[in-house]
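Please look over the structure below.

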Amino acid sequence: LYPKSKASIFRIKLYCLASHLSTAFFSLNETIVQASDSSFEIRQIFRHKKRFLDLLLLADEQESMIDLYLERGEMFALYDQNILKTICVVTDEGGKTIELKNIATDPQYQKQGYGKRLIRFISEHYAGKYDTLLVGTGESPLTIPFYAQNGFKYSHRIKDFFTDNYDHPIYEDGKQLVDMVYLRKELSKSK
C-alpha cells in the first residue's frame, strides 16, 4: 500500500507536481465559460491562440490575415468529450457591434451541429452587451445558407475584398471568391 523506496516517493511527488502544473497551465491559458450536462464544453482561450492555427486556416486560409484579428479578438473553442471540434474568434468593432471573424470546425466533425452550437453560444454570450453580430464571408453556396440558418441576414458587401487583400486567389466549392458579403444578426437584449 505504501511506497517502499525513496525513488517511488519521488515519482509520486513528481507526478502530483506535474498534475498541478498542468492544471495551472490550463487555467492561465483558457477557462470554461459554458459546460452543459452533456459532454459539451466551451472554453475561452486567452493565450497561445496560434496553437489553433491549423483549424483557423480552414476558414481564413492566409495566416497574415488571421494575424490582423487574432490577438485583439476573443477566442472560443467548443469541445465534445474533451475533443476540440470548433473554434471561433470574435472582435469588438465599436458601436455595440461585434464581428465573427473566423469560425471553423474540424472537417471530420462538420455537419454535426458544432458550428451552430458555437454561434448560438456567441449570440447568447454577447447579448445585452452588444446589439449586432456581423460575419463577413465569401459569396459561396456553402457558407451563405449556413449563416442564414443561424439567423443572419444580408447587410452589405465589400467589392473585390478577396482579390485586393489576399496574396492568392481564394476558391470555395470551385468558385473564386471576389467580394466579401457581410451578414448581420441582431442580438437579443434579454441578457
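A polar contact is a pair of N or O atoms within 3.5 Å; within protein, one atom must be able to donate a hydrogen and the other to accept it, and residues adjacent in sequence count only if both atoms are side-chain atoms. The model is predicted: local features need pLDDT of at least 70, side-chain atom pairs count only at pLDDT 80 or more, and totals for chains, interfaces and linings use all residues. Residues are numbered from 1 along each chain as its sequence is written, and side-chain values use heavy atoms, with hydrogens and water left out.

**Two residues**

Gln112 sits in the loop between S5 and H4. Glu99 belongs to strand S5. Helices (H or I, at least four residues) and strands (E, at least two) are DSSP runs, numbered from the N terminus. Buried means under 20% relative accessible area, exposed over 50%, and partly exposed in between (1.4 Å probe, protein chains only).

| Residue | Relative accessibility | Class |
|---|---|---|
| Gln112 | 47% | partly exposed |
| Glu99 | 6% | buried |

The Gln112 side chain reaches the backbone oxygen of Gln108 at 3.3 Å. Lys85 is 27 residues from Gln112 in sequence, and 9.8 Å away in space, C-alpha to C-alpha. The Glu99 side chain makes a polar contact of 3.1 Å with the side chain of Tyr182. Contact means heavy atoms within 4.5 Å. Leaving aside residues up to four places away in sequence, Glu99 touches Val89, Val90, Thr91, Glu93, Leu133, Leu134, Gly136 and Tyr182.

**Cores**

A nonpolar core is a set of buried Ala, Val, Leu, Ile, Met, Phe, Trp, Tyr and Cys residues joined through side-chain atoms within 4.5 Å. The largest has 25 residues, and Tyr147 is among those with the most contacts inside it. H4 supplies the largest share of this core, six residues. Apart from it lies another core of 14 residues, including Leu55 and Tyr79.

**Pocket**

A pocket is an open set of points on a 1 Å grid over the protein atoms alone, where a 1.4 Å probe fits, with protein on both sides within 12 Å along at least five of seven lines; lining residues have an atom within 4 Å of a point. The largest pocket holds about 1,200 Å³ of space. Its lining has 44 residues, with Ala59, Ile103, Thr143, Tyr147 and Glu172 nearest the centre. S5 gives the most to this lining, seven residues.

Notes. Points joined across faces, edges and corners; volume = space filled by probe spheres on them.
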